[in-house]
Amino acid sequence: MTAASGGSVTNAPWTPPALSYTSRQLHIAHEQFVATGMLGAQVRALVADSWRRCADGGVDPESAAPLELVGDELDEYRQASPMAAVLPIVRELLVDDAHDNSFIVVISDGNGRVLWVEGDHRLRAGGEHVNLVEGANWREDLAGTNAAGTALLLDQPLQVAGAEHFKRKVQPWNCAAAPVHDPSTGLVLGTVDVTGAGPVALPNALTMVKAVVAAAEGELRLRQLIGAGRHAAGRLKMPPPIVPSARLEVLGTDAAVLHMPARTTRLSQRHGELLLLLAMHPEGLTAEQLSVRLHEHDVQSVTIRAEMSRLRRILGGAFLASRPYRILERLDTDIDDLRRALDRGAFTEALDLYAGPVLPRSESPTIIEAREEIRRHLRDTLLGHASPEVLLRYAEDSDGREDVEVWQACLDRLPADSPTYSRVRSQLHWLHRQLSIAT
């Protein structure tokens, strides 16, 4: 029970205040986008990108976030979550103030599932009408633009105010959220979010959340170093991720294929590019560094973060880390296999492995450089050391078909009485004629 203005007592749940003029303009912009796909200039770039993702992904602006876990299943899921370790310090630093300052605290895991909702009971009651409840999933592709789900996707702290939310039922609310990372691996464990009325849209709300998340990550770091601290009933250490071995195939295909013990995943060209770049830089790369290596023209780092978040969901949280982005296990590629085969003189095996250029349609300058380096390495090694039979097989493939030096090396290594000698000499003469015509 709470005291309303004028001293009366009511059990009614909290209802949001009327929209401000600015909020009304944003509401109009949202209606225009949903109806026409056109974006107004007043929509922030971060929000505009999120709305586009929601529209492209078929998110219904009228629906509520889905409820996925209830009862005992929810209790068991929460107990097993690493976010349980940060709950005590979040309660101490944030929840105690929520009752006095009219906001609620929402703790979600790395899959977007809400684990705990605590704080002002009027707001909690109001949140039930939009499924802002424990066990619901507020991932962006399910719940639309919202601070917790979008922060999880982009792996960055952010605020979403009023009509910036993609789903209409959530537009009366404001929220600020930040991701929580495992200090040793950089994996996103979940998010801490505050949701409420007007004050939550102010910059200090996000500053408060970021400070609490920093304290929570410090607590996790301490637990990993010396065991559970003052907030634990027993000794609690974060288990290391279980990471299987894996192999990435990128030769001769635009859709890279990742083989893992439990499954094989065919990746989009962009995800294949990102994973190959990380395999080439085991020390890790930031979103900005990935952007530079991905394209000679700037790709916004926010776009990279979104793609990396999608990739983590596809491959599993134990495979990729962030801050910086890196692979948490040894990832072999068919490029590595090819190099090893060439180094030990297994030239037939090398040709079997070389299904074609590295990600042929990729325009990433780093991948183009790798593509040309592999092509030169294969060609020069075969020219210097391969038998005429192996060299001829390479000459008849796409890379060597018009390479005069390769065909000449084949001719030089074949005995004159070989049945193949005349065919190689004929091809070489034809290439010389084509070159003379061209010049």
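The protein contains 17 helices and 13 strands. These elements are seen in a predicted model, and the description below starts with the chain as a whole before turning to single residues. Of the protein's 439 residues, 50% count as buried. The accessible surface comes to about 20,600 Å², and carbon and sulfur atoms hold 52% of that area. Contacts give another view of the fold: among those in the protein with a separation of 6 or more, 60% are made by residues 24 or more positions apart.

A pair of aromatic rings is described by the distance of the centres and the angle of the planes. One aromatic pair turns up when the whole structure is searched. Its partners are F33 and W51, with 5.6 Å from centre to centre and 35° between the planes. Why is the pair called tilted? Planes under 30 degrees apart would count as stacked and those over 60 as edge-to-face, so an angle of 35° makes the pair of F33 and W51 tilted. The pair links distant parts of the chain, as F33 sits in helix α1 (residues 21-36) and W51 in helix α2 (residues 45-56), 18 residues apart. Are these two residues buried or exposed? F33 has a relative accessibility of 6% and counts as buried, because the limit for this class is under 20%. W51 is buried too, at 0% relative accessibility.

The strands provide a second theme. Strands of a sheet pair through backbone hydrogen bonds, either parallel or antiparallel. Four strands build an open sheet in the order β10-β9-β8-β13, and the pairing in this sheet is mixed. Its edge strands, β10 (264-266) and β13 (331-333), each pair on one side only. On average, neighbouring strands of the sheet are turned by 20° against each other, direction ignored. Within the sheet, strand β9 (residues 257-259) pairs with β10 in the antiparallel sense, over three bridges. Here H259 stands opposite T264 in β10.

Finally, the cysteines can be considered. How many disulfides are there? With a disulfide taken as a pair of cysteine sulfur atoms within 2.5 Å, the count comes to zero. Among the cysteines, C54 is buried, with a relative accessible area of 1%, and C410 counts as buried at 0% relative accessibility.

Definitions and conventions: Residues numbered from 1 in each chain as written. Predicted model: local features only at pLDDT ≥ 70, side-chain atom pairs only at ≥ 80, totals over all residues. Heavy atoms only, no water. Helix = DSSP H or I, 4+ residues; strand = E, 2+ residues; numbered from the N terminus. Buried < 20%, exposed > 50% of the residue type's maximum accessible area, 1.4 Å probe, protein only. Contact = heavy atoms within 4.5 Å. Areas by Shrake-Rupley, 256 points an atom, 1.4 Å probe, with all protein chains shown as cover. Phe/Tyr/Trp six-rings, centres within 6.5 Å; stacked < 30°, edge-to-face > 60°. Pairing = 2+ DSSP bridges. Axes fitted to C-alpha atoms, helices over the stretch in contact; angles between N-to-C directions.
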